[in-house]
Amino acid sequence: MTLNNLGNLYRDRHDVAAAQAAYDEALHIRRRLADANPDTYLPDVAMTLNNLGNLYRDRHDVAAAQAAYDEAFHIYRRLAAANPDTYLPKVAMTLNNLAVLYRDRHDLAAAQAAYDEALHIRRRLADANPDTYLPDLAMTLNNLAVLYSDRHDLAAAQAAYDEALHIRRRLADANPDTYLPDLAMTLNNLGNLYRDRHDVAAAQAAYDEAFHIYRRLAAANPDTYLPDLAMTLNNLGNLYRDRHDVAAAQAAYDEAFHIYRRLAAANPDTYLPKVATTLNNLGNLYRDRHDVAAAQAAYDEALHIRRRLADANPDTYLPDLAMTLNNLAVLYSDRHDLAAAQAAYDEALDIRRRLARTNPETYLPKFSGTAVNLSIFYLQNLPDRDKSLAHAGEALAAAWPFVEVLPACLEHARAILQIVEAWGVDAEAFFEETLKTTETN
């Protein structure tokens with residue numbers, strides 16, 4: 001037990017190498033014990049496998065995480081068949097972890113199925129024993145809400161977040177030391193949802209409350225909570241940028257960047273992706289301020305990091321690479337470097353097209369955004385009627401299924417209308433023909 005617990009302690013402190021060593025030794029011992037006495041020691045094997053799965057996921061080693069979770073799940077499933085009172089909670093825990101992994105892999109259907117089963121189990125457990133299982137129910141509700149947001153079901157996301165928030169507020173009122181971090185996480189996630197819905201005041205209130213909680217927690221325990229503080233600072237920076245409060249956005253991004261830069265120096269596997277995200281956000285802000293040189297430097301460093309990450313783990317990081325390429329292309333267009341803009345747009349569009357083929361629900365809106373940008377590029381920067389209208393058609397077909405649920409896709413459709421009219425094309429006929437062709441295909 002001591003080695004497994006040590007591994008948990010090291011993981012909480014983000015000491016990945018020490019956690020790996022402790023878990024590996026614990027698993028080796030527990031496997032030998034379980035070979036000799038499975039009734040007694042198989043549960044311990046499953047526990048360490050689950051913890052290893054969490055560690056592998058932190059390190060973005062998806063295959064190793066999948067293998068560890070799968071083995072733990074099958075052990076717990078067999079144990080629960082014989083002793084459900086003891087092991088059904090463990091089944092639900094592993095299902096929740098598997099769902100998080102599936103979401104990381106953008107396998108939204110598998111994530112939904114795993115969360116749904118975990119939620120069903122945890123509701124029954126919480127009904128029978130709320131003191132013990134309400135925190136687990138709130139965790140799965142929070143995670144489900146994130147998934148609903150990914151799937152653009154904002155009403156379902158709101159309902160799940162609201163229920164999770166209600167539970168976590170009650171828990172934090174009774175036991176703040178234990179549950180304030182969970183409350184802050186749901187508040188941060190709710191801020192993301194409100195921002196997606198363009199409810200700026202609600203987003204600000206949610207982020208602010210999360211920020212103040214994380215600031216206090218990080219002051220007392222920086223090793224554990226500085227990453228969460230940086231996450232909320234980054235989100236606040238995005239919101240301030242939406243509100244054109246450039247000074248506040250700059251301050252929030254800068255603090256997040258310096259935190260992540262320090263964390264990445266000690267643990268690059270975990271925090272370099274966060275450094276790249278913040279650099280990308282800073283690049284957007286610098287571009288808004290017309291500081292082209294600073295924007296170029298920030299995007300270039302983000303691109304360099306994301307290319308390396310995508311080379312090593314394309315399933316996880318190709319979407320981020322496409323985002324930075326798209327942003328760089330916009331900057332190149334601003335600088336009238338049309339060849340560089342065209343190359344960056346083409347690469348971003350190619351990545352997003354491939355991603356949308358395998359996961360249209362997640363990536364068609366992003367594909368639509370890049371296609372709109374290319375259509376505008378061939379309208380304004382490098383006039384080519386056929387290419388501009390072709391990309392407008394691609395963008396419309398990709399955006400149309402989401403125009404009623406995603407404000408960004410509605411904006412894409414409006415931009416396409418303006419592009420088509422600028423070329424002197426009958427917009428109604430263009431929309432009708434494009435959508436009819438899409439339905440036929």
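Buried denotes a relative accessible area under 20%, exposed denotes one over 50%, and partly exposed covers the values in between, with a 1.4 Å probe and protein chains only. By this criterion Phe430 is buried, with a relative accessible area of 14%.

The structure is a predicted model, in which local features need pLDDT of at least 70 and side-chain atom pairs count only at pLDDT 80 or more, whereas totals for chains, interfaces and linings use all residues. Residues are numbered from 1 along each chain as its sequence is written, and side-chain values use heavy atoms, with hydrogens and water left out.

## Aromatic pairs

Rings of Phe, Tyr and Trp (for Trp, the six-membered ring) are paired if their centres lie within 6.5 Å; planes under 30 degrees apart count as stacked, over 60 as edge-to-face, and the rest as tilted. The count by this rule is 6 aromatic pairs. One of them joins Trp400 and Phe431 in an edge-to-face arrangement, at 6.1 Å centre to centre and with 85° between the planes. Trp400 lies in the loop between helix 18 (385–399) and helix 19 (407–422), and Phe431 in helix 20, so this pair ties together parts that are 31 residues apart in sequence. Helices in this report (H or I, at least four residues) are DSSP runs numbered from the N terminus, as are strands (E, at least two).

Phe431 also pairs with Phe430: the ring centres are 6.4 Å apart and the planes stand at 65°, so this pair too is edge-to-face. Phe431 is buried, at a relative accessible area of 15%, while Trp400 is partly exposed, at 38%. Elsewhere, ring pairs link Tyr345, Phe377 and Tyr378 into a cluster.

Which residues gather in a patch of negative charge on the surface? They are Asp426, Glu428, Glu432 and Glu433. Patches are made of residues with over 30% relative accessible area and no salt bridge; like charges are joined within 9 Å, and nonpolar side chains (Val, Leu, Ile, Met, Phe, Trp, Tyr) within 5 Å. Asp and Glu count as negative and Lys and Arg as positive, with His and the chain ends not counted. The place of a charge is taken as CG of Asp, CD of Glu, NZ of Lys or CZ of Arg.

## Salt bridges between helices

Side chains of opposite charge can pair when their charged atoms come close. A salt bridge is defined here as a side-chain nitrogen of Lys or Arg within 4 Å of a carboxyl oxygen of Asp or Glu. The count by this rule is 16 salt bridges. The table gives three of them.

| Salt bridge | N to O distance |
|---|---|
| Arg57 and Asp104 | 2.5 Å |
| Glu209 and Arg169 | 2.8 Å |
| Glu301 and Arg261 | 2.7 Å |

In the bridge between Arg57 and Asp104, Arg57 lies in helix 3 and Asp104 in helix 5, so the pair ties together parts that are 47 residues apart in sequence. Arg57 is partly exposed, at 27% relative accessible area, and Asp104 is partly exposed, at 23%.

For the salt bridge of Glu209 and Arg169, the partners are in helix 10 (residues 200–220) and helix 8 (residues 154–174) respectively, so the pair ties together parts that are 40 residues apart in sequence. Glu209 is partly exposed, at 29%, and Arg169 is partly exposed, at 32%.

The salt bridge of Glu301 and Arg261 links distant parts of the chain: Glu301 is in helix 14 and Arg261 in helix 12 (residues 246–266), 40 residues apart. Glu301 is partly exposed, with a relative accessible area of 29%, and Arg261 is partly exposed, at 33%.

## Backbone angles and a C-alpha separation

Most residues other than glycine have a negative phi. His60, although not a glycine, has a positive phi of about 65°. His60 is situated in the loop between helix 3 (38–58) and helix 4 (62–82) and is partly exposed, at 27%. His290, likewise not a glycine, has a positive phi of about 65°. His290 occupies the loop between helix 13 (268–288) and helix 14 (292–312); His290 is exposed, at 69%.

Leu88 lies in helix 5 (residues 84–104) and is buried, at 19%. The C-alpha atoms of Leu88 and Ala219 are separated by 37 Å, the two residues being 131 residues apart along the chain.

Methods: Accessible areas come from the Shrake-Rupley method with a 1.4 Å probe; for residues, only the protein chains shown count as cover.
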